[in-house]
Amino acid sequence: TISITDLDCAKANSIAVRMSELYGVTYIPGIEINCDLHGRRVRVLGYFIQYSSELFAHIENESLVNEKRASIDRVRRFESLLGRNIDEERLLKSNRFQRLSGELIAKHVLNRPEFEDCAILKPYRRDEFGWRALNKDYFAYGKPCYVPVKYPYLKDVLDVIELTGGISVLAHPGKLLVQEPELLREPERGLGLVQGPEREQLLLRGPEPELLPLQGWEPERSQ
């Protein structure tokens, strides 16, 4: 049994369903969606969804628009510190998700000759992984070039998954539940924490937990 849960995009399910039938593999339609929980970005996995729903096309389109808007703002902020222009259109053309992350920008400026004499970049040219430190110092949360991305609210995402016949599972729950459990002390309507094997906790909306084949584990997912 497998499921493909691409981020903010359900398109892969169409061909996956056909290929799974061809090779006799049980396939569960899925998606992973960025969403906002009390100002914190979390990701929710949706399984058994009606992937052809226009609701998922809308989520994908909104995600691309918001990511591009934040990307351009991120570049503009860094340009003001560099004192140089960065060709964001060139970078966006090679990125189908329209997302210019801090890591991508850092790698770009450290590898382009036109930025060789920028004073603020000199400390990061000392080793091949200087882009990591540059990203952390300028693009991480609270840093000068950090730009928040607008995500749909968690409740709205859960409603979409439920309306399309799916169940919802909190992706990557460990860090959130350990470091910021207060975010889950007032669960949204229809959510509940379920204890699974190996101390794995999942946030679910769907059928009764004992009926869920997904309790306590996640199918292999594409990134």
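Reader: By how many helical turns are Lys-155 and Asp-159 separated in helix α6?

Author: By about one, because Lys-155 and Asp-159 sit 4 residues apart in helix α6 (residues 154-163). Helices here are DSSP runs (H or I, at least four residues; strands are E, at least two), numbered from the N terminus. This is a predicted model, in which local features need pLDDT of at least 70 and side-chain atom pairs count only at pLDDT 80 or more, while totals for chains, interfaces and linings use all residues. Residues are numbered from 1 along each chain as its sequence is written, and side-chain values use heavy atoms, with hydrogens and water left out.

Reader: What do the side chains of Lys-155 and Asp-159 meet in?

Author: Side chains of opposite charge can pair when their charged atoms come close. Here, Lys-155 and Asp-159 meet in a salt bridge, 3.0 Å from N to O. The term asks for a side-chain nitrogen of Lys or Arg within 4 Å of a carboxyl oxygen of Asp or Glu. Lys-155 is partly exposed at 29% relative accessibility, and Asp-159 is also partly exposed, at 22%. (Buried means under 20% relative accessible area, exposed over 50%, partly exposed in between, with a 1.4 Å probe and protein chains only.)

Reader: How many salt bridges does a search of the whole structure find?

Author: It finds 8 salt bridges. One of them joins Glu-67 and Arg-99, whose closest N and O atoms are 3.5 Å apart. Glu-67 belongs to helix α2 and Arg-99 to the loop between α3 (88-93) and α4, so the pair ties together parts 32 residues apart in sequence. Glu-67 is buried at 7% relative accessibility, whereas Arg-99 is partly exposed at 37%.

Reader: Which residues do salt bridges that share partners join into one network?

Author: They are Arg-76, Glu-79 and Glu-88. Within that group, Arg-76 and Glu-88 are 2.9 Å apart, N to O.

Reader: At what angle do helix α2 and helix α4 pack?

Author: Two packed helices are described by the angle between their axes and the distance between the axes. Helix α2 (residues 54-82) and helix α4 (residues 102-111) pack at about 40 degrees, with axes 11 Å apart. That makes α2 oblique to α4. (Angles under 35 degrees count as roughly parallel, over 145 as roughly antiparallel, 65 to 115 as roughly perpendicular, the rest as oblique.)

Reader: Which residues make the contact?

Author: From α2 come Arg-74, Val-75, Phe-78 and Leu-82, and from α4 Gly-102, Ile-105 and Val-109. Contact means heavy atoms within 4.5 Å.

Technical notes: Axes are lines fitted to C-alpha atoms, for helices over the stretch in contact, and angles run from 0 to 180 degrees between N-to-C directions.
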